[in-house]
Amino acid sequence: MSISGATRVAGVVGRPIAHSMSPILHNAWLAAAGIDGVYVPFSTQPSRFTAFAESLRGGTVAGLNVTLPFKGEALAVADEASFRARSAEAANLLVFREDGTIFADNTDGLGMLGAFADQAPGFDPKAGPVAILGAGGAARGAAAAFVEAGCPDVRIVNRTLAKAQEIAQPLGAQSLPLSEAASAFDGVVAVVNATSAGLSGSTGLEVPLEATPAGAVVMDMVYKPLKTAFLAQAEGLGRRTVDGLAMLIGQAVPSFEYFYGQPPPRDVDVRSLAIKALGL
């Protein structure tokens, strides 16, 4: 990789950041496309994020992906934000315009829908209800993406009903307690686990996936392990599944286009690169 005065710089900011797969994905795409660009990780002190972002106004850096714990602050620092970011109350992408303004977006939901398109061909979010497990930022972003995609009935399912209601009410979605998961799964075209249950090989959520229709697609946002206990249960029932790594790659695609002005090349097997880096 050759760095010049014309090199277009973008990156990812978080704390910690060493685990991020984003530099691997973006730099592989940049090399394959022959773009004079580089994508680098940034780790700023938690108390310094806003000052760091403000210092980049004017396009010194084309943009940043934003990960934990800064997604809420990223939205707050922006002058303009997409519907997705406002609905999720968080931004995972900042674009620094030459006029000094900052635009915020949330591509997590786009990544989720892209993962469905990739691993469950023919899936249509408009075809019926969708159940989302969890009430954190990931669930909020998923719900906003399904609403924007035209899903007629989004159901937020969470142990604490009040938290589910906080997400559901602004979006016109339903909220149900986890104890009523079987009812929430009635007639769904998809179930999305937007909780961290299943991370690092834990047993995950105990929910009655057998209550889902035979044609439902089941997704887990966790990507390590690649096949969580949740997805293994779904596969055992004959359901099509979508994994979290597909979402990780999917959210990077629109980010790359924001930063470098063109879609990433499709002939680069970034999934294999990520699997190798993750030791999966």
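## Exercises on rings, strands and cores

Y258 has a relative accessibility of 32%, so Y258 counts as partly exposed (buried is under 20% relative accessible area, exposed is over 50%, and partly exposed lies in between, with a 1.4 Å probe and protein chains only). The model is predicted, so local features need pLDDT of at least 70 and side-chain atom pairs pLDDT 80 or more, while totals for chains, interfaces and linings use all residues. Residues are numbered from 1 along each chain as its sequence is written, and side-chain values use heavy atoms, leaving out hydrogens and water.

**Exercise 1.** Classify the ring pair of F103 and Y258.

*Solution.* Start with the rule: rings of Phe, Tyr and Trp (its six-membered ring) pair if their centres lie within 6.5 Å; planes under 30 degrees apart are stacked, over 60 edge-to-face, and the rest tilted.

1. There are nine aromatic pairs in the structure.
2. For F103 and Y258, the centres are 5.9 Å apart and the planes meet at 45°, so this pair is tilted.
3. Now find the partners: F103 sits in strand β6 (residues 102-105) and Y258 in helix α10 (residues 244-260), 155 residues apart. Helices (H or I, at least four residues) and strands (E, at least two) are DSSP runs, numbered from the N terminus.
4. Finally, F103 is buried, because its relative accessible area is 10%.

**Exercise 2.** Classify the pair of F259 and Y260, and find the aromatic cluster that holds them.

*Solution.*

1. The ring centres lie 6.2 Å apart with planes at 85°, so the pair is edge-to-face.
2. F259 is buried at 0% relative accessible area, and Y260 is buried at 8%.
3. Together with W29, Y39 and F256, these two residues form one aromatic cluster.

**Exercise 3.** Work out the strand order of the open sheet and name its edges.

*Solution.* Two strands pair if DSSP finds at least two bridges between them.

1. Six strands follow the order β2-β1-β3-β5-β6-β4, with mixed pairing.
2. The edges are β2 (37-42) and β4 (80-81), each pairing on one side only.
3. Look inside the sheet: β5 (residues 93-96) and β6 are antiparallel over four bridges, with L93 opposite D105 in β6.

**Exercise 4.** Describe the largest nonpolar core.

*Solution.* Such a core joins buried Ala, Val, Leu, Ile, Met, Phe, Trp, Tyr and Cys residues through side-chain atoms within 4.5 Å.

1. This core has 31 residues, and M219 is among those with the most contacts inside it.
2. Helix α6 gives the largest share, five residues.
3. A second, separate core has 24 residues, including V12 and Y260.
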